[in-house]
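Here is a short briefing on one chain, arranged by topic. Have the sequence and the model open as you read.

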Amino acid sequence: MPFIVCTQHLREVGPSQKEMFPGGTVREALQQAAQRYPRLTGYVLDDQGEVRKHVAIFIGGELQNRRTVLDRTVLADEEIYILQALSGG
C-alpha cells in the first residue's frame with residue numbers, strides 16, 4: 001500500500017505523518033485516505049474532481065503533473081506527499 005503524508009500545516013486536513021492507504025492509483029489512495037480525513041478531498045480536489053492549482057503532489061521526490069497525477073499508478077512502498085503550492089512574485 002502506498003503512503004500519504006501532508007505537510008505539517010495541513011495536519012487538520014490529512015495525515016501529517018506517513019500513513020498507508022490501499023490503492024493502485026493516486027486517486028484510489030486519496031479516496032481511502034478521505035475516509036479517515038474527510039476534509040482531504042475538498043482541499044486537494046476542485047469541484048471538477050481535478051487537483052487544485054494551489055496543491056502540489058510529489059511522488060518519489062518528484063513533482064507530479066496535477067492534470068495526470070490522479071491516474072498515476074503507485075507502488076506499494078511509494079510516498080504521496082501533498083503540500084500547498086506557492087505562486088506569485
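**Strand β1 and the overall picture**

F3 and V5 point one way from β1, I4 and C6 point the other way, and all are buried. Buried means under 20% relative accessible area, exposed means over 50%, and partly exposed lies in between (1.4 Å probe, protein chains only). Strands (E, at least two residues) and helices (H or I, at least four residues) are DSSP runs, numbered from the N terminus.

The model is predicted: local features need pLDDT of at least 70, side-chain atom pairs count only at pLDDT 80 or more, and totals for chains, interfaces and linings use all residues. Residues are numbered from 1 along each chain as its sequence is written, and side-chain values use heavy atoms, with hydrogens and water left out.

**Overall build**

- The chain holds two helices and five strands.
- From the N terminus on, the elements run β-β-α-α-β-β-β.
- The radius of gyration is 12 Å, close to the 12 Å that the globule rule gives for 89 residues, so the chain is as compact as a globular protein of that length. The radius is taken over C-alpha atoms, and the rule is 2.2 Å times the number of residues to the power 0.38.
- Along the principal axes, the C-alpha atoms fill a box of roughly 40 × 25 × 25 Å.
- Of the 89 residues in the chain, 40% are buried.
- Among contacts between residues at least 6 apart in sequence, 48% join residues at least 24 apart. Contact means heavy atoms within 4.5 Å.

**The sheet**

- Five strands form an open sheet in the order β2-β1-β5-β3-β4, with mixed pairing. Two strands pair if DSSP finds at least two bridges between them.
- β2 (19-20) and β4 (62-63) stand at the edges. Each has a single partner strand, so one side of each is left without a neighbour in the sheet.
- Strands of a sheet pair through backbone hydrogen bonds, either parallel or antiparallel.
- β1 and β5 pair in the parallel sense over four bridges. Here F3 stands opposite E79 in β5.
- β1 and β2 pair in the antiparallel sense over two bridges. The bridge partner of F3 in β2 is M20.
- β3 and β5 run antiparallel and are joined by five bridges. I59 stands opposite I80 in β5.
- β3 and β4 are antiparallel too, with two bridges. I59 stands opposite E62 in β4.

**The nonpolar core**

- The largest nonpolar core has 23 residues. Such a core is a set of buried Ala, Val, Leu, Ile, Met, Phe, Trp, Tyr and Cys residues joined through side-chain atoms within 4.5 Å.
- At least two residues of this core come from each of β1 (3-6), α1 (26-36), α2 (39-44), β3 (55-59) and β5 (79-84).
- α1 gives the largest share, four residues.
- L40, V44, I57, I80 and I82 have the most contacts inside the core.
- Not counting residues up to four places away in sequence, I80 touches P2, F3, I4, V5, V26, A29, I57, F58, I59 and V74.

**Rings and charge**

- The charged end of K18 sits over the ring of F3, 4.7 Å from its centre. The test asks for NZ of Lys or CZ of Arg within 6 Å of the ring centre and within 35 degrees of the ring normal.
- The structure holds zero aromatic pairs.

- P15 is in the loop between β1 and β2. P15 is buried, with a relative accessible area of 1%.
- Leaving aside neighbours within four places in sequence, P15 is in contact with I4, V5, C6, F21 and Y37.
- P15 and R36 are 21 residues apart in sequence and 9.1 Å apart in space, C-alpha to C-alpha.
- T25 is in the loop between β2 and α1. At 18% relative accessibility, T25 counts as buried.

**Helix residue Q31**

- Q31 lies in helix α1. At 47% relative accessibility, Q31 counts as partly exposed.
- Q31 and F21 are 10 residues apart in sequence and 9.0 Å apart in space, C-alpha to C-alpha.

Methods:
Rings of Phe, Tyr and Trp (its six-membered ring) pair if their centres lie within 6.5 Å; planes under 30 degrees apart count as stacked, over 60 as edge-to-face and the rest as tilted.
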